[in-house]
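Here is a quick tour of the inside of this protein. Have the model open and follow along.

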Amino acid sequence: QEEYLFAIEKSEMLGGQSIISASKNKLLLWGLSESQISELEKSKQAKITTTICSSVSGTITEIPIREGDNASEGTKIYQIADLNSLWVEAQIYSNELGLLNEDTRVEIIPDAFPEEATESTITFSNPELERGSKINLVRSEVKNPNGKFKPGMQANMILHSEDKQAIVLPVDAVIRDAKNAVVWIENKDGGFESRKVETGIENKFGIEITSGLNIGDIVVVSGTYLIN
């Protein structure tokens with residue numbers, strides 16, 4: 001800053017505008033703004049401390065350096081994230097990848113704000129399995145203009161397939177082991193009997209029954225394990 005003020009004061013002696021431009025360029029490279037340089041020209045007073053403005057706006061997510069630390073060229077001072085949009089990553093078994101491709105529309109339901117459900121599309125499907133698992137990651141993007149969603153929040157990604165007629169039960173109504181899926185139904189005598197069924201697609205709320213039940217069967221949906 002003192003060099004710049006000196007260059008302005010002695011511009012004719014030192015070669016006119018070229019030396020001023022060179023000194024000003026140094027200040028710009030150090031991170032000062034045009035308005036700060038203009039203020040320096042008016043005040044003609046170099047400051048002991050200088051505010052360096054970030055070239056981007058956002059939320060500070062990390063401060064790896066503290067007051068009093070030495071900072072050399074390239075040292076990270078702050079890490080800033082733009083939270084106006086966020087990635088939502090969902091886990092999916094590799095045999096289910098055929099249900100999804102890029103641009104598939106999905107519904108995102110945040111656990112903390114289920115009323116804030118929003119639609120999105122799949123933007124990326126990881127071609128590699130997660131290490132030590134049978135799971136792939138797929139990614140979509142949601143807008144976050146009011147900053148309500150935070151990184152690390154849990155959410156459900158719902159794939160809405162084409163509508164079809166199906167028998168659907170609550171997940172807890174079906175008892176499964178390595179070989180069979182069983183439900184309990186009310187029989188003609190008012191008691192209960194088990195019935196083997198075959199299942200189809202499911203989510204955390206419901207499961208499709210593809211065979212083994214008929215319309216009109218009365219199925220136990222609460223206390224199933226106790227009866228079993």
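Buried here means under 20% relative accessible area, exposed over 50%, and partly exposed in between (1.4 Å probe, protein chains only). Serine 140 has 0% relative accessibility, so it counts as buried. You'll find serine 140 in strand 6, residues 135–143; strands (E, at least two residues) and helices (H or I, at least four) are DSSP runs numbered from the N terminus.

One note before going on: this is a predicted model, where local features need pLDDT of at least 70, side-chain atom pairs count only at pLDDT 80 or more, and totals for chains, interfaces and linings use all residues. Residues are numbered from 1 along each chain as its sequence is written, and side-chain values use heavy atoms, with hydrogens and water left out.

Contact means heavy atoms within 4.5 Å.

| Residue | In contact with |
|---|---|
| Serine 140 | Leu86, Trp87, Val88, Val106, Ile108, Ser120, Thr121, Ile122, Thr123, Met157 |
| Valine 142 | Asn84, Ser85, Leu86, Val88, Ile108, Thr118, Ser120, Phe149 |

Now the cores: a nonpolar core is a set of buried Ala, Val, Leu, Ile, Met, Phe, Trp, Tyr and Cys residues joined through side-chain atoms within 4.5 Å. The largest one has 13 residues, and Leu100, Val138 and Val142 have the most contacts inside it. Strand 3 (85–93), strand 4 (105–110) and strand 6 each give two or more residues to this core, with the largest share, four residues, coming from strand 3. Apart from this core lies another, of eleven residues, including Leu169 and Ala181.

Conventions. Lists of a residue's contacts leave out its neighbours within four places in sequence.
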